[in-house]
Amino acid sequence: MDRNSPVPLYFQLSQQLEAAIEKGRLSPGSLLGNEIELAGRLGLSRPTVRQAIQSLVDKGLLVRRRGVGTQVVHSQVKRPLELSSLYDDLEAAGQLPATTVLRNTLEPATAEVAAALGVAEGSDVHLVERLRLAHNEPMAVLRNHLPTGLLSLDTEHLEATGLYRMMRSAGITLHSARQSVGARAAGPDEARQLAEAEGAPLLTMQRTTFDDTGRAVEFGSHIYRASRYAFEFQLLVRP
């Protein structure tokens, strides 16, 4: 701790703890000990330690358990905005992804879906809706519409791997995507699916993905828990 820094001590401590969680030095399930022990070990006041811990509880990185103490939950998933799948990103981050297929069916294309996929409104498209988990904790609800006949969408296979992996295995070359990111409050069904309170903030993403021939191969409409998930941007300065 730099006591001469203008940065408050609680914030320095919270940043160090967050970095330790993100880098795996404090693994999920690790106990931090109680505030008195931490304050004594670090030479800080108890209110300083309490404020640092509370900031990480608010971020969803720590949880206070009665009779147990303060425990690491999981690091927040930070996903770069690039053409990759959530399954691959979670796996690369050591987050143990799992999937529950909620719906796997054909349905008539709405005007929005038809425009994204370049098909006639009302024509059949394939809908796949999945709950994506990490360490058995819900992370996102993923709704994907695909043209019919594009590839086999077996439910068992969808629960074992990512959609983009299945597409690549079917010989589809993913080339580019058009994507938008937003936010909104969780409705009752979304809150239940994602283990959040109704009205909790959710991140939203819509993406239309194209293959190397310029054909639209999927239209995704996804929601993510803002407490457990973030998008990362890399911005370049134009000369």
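**Entry: Arg225 and Glu196**

I looked up Arg225 in this predicted model and found that Arg225 forms a salt bridge with Glu196. I noted 2.9 Å between their closest N and O atoms. Where do Arg225 and Glu196 lie in the chain? Arg225 belongs to strand β9 (residues 216-225), while Glu196 sits in the loop between α8 (188-194) and β8 (201-211). The two are 29 residues apart, and their pairing links distant parts of the chain.

**Entry: Arg215 and Asp211**

Here I found a salt bridge between Arg215 and Asp211, again with its closest N and O atoms 2.9 Å apart. Arg215 is partly exposed, at 41%.

**Entry: Glu129 and Arg143**

My next stop was the salt bridge in which the side chains of Glu129 and Arg143 meet, at 3.8 Å from N to O. Glu129 is in strand β5 (residues 124-134) and Arg143 is in strand β6 (residues 137-147). They are 14 residues apart, and I marked this pair too as a link between distant parts of the chain. Glu129 is buried, with a relative accessible area of 10%, and Arg143 is partly exposed at 26%.

**Entry: the whole structure**

How many salt bridges does a search of the whole structure find? I wrote down six. A reminder to myself: side chains of opposite charge can pair when their charged atoms come close.

Methods: Residues numbered from 1 in each chain as written. Predicted model: local features only at pLDDT ≥ 70, side-chain atom pairs only at ≥ 80, totals over all residues. Heavy atoms only, no water. Salt bridge = Lys/Arg side-chain N within 4 Å of Asp/Glu carboxyl O. Helix = DSSP H or I, 4+ residues; strand = E, 2+ residues; numbered from the N terminus. Buried < 20%, exposed > 50% of the residue type's maximum accessible area, 1.4 Å probe, protein only.
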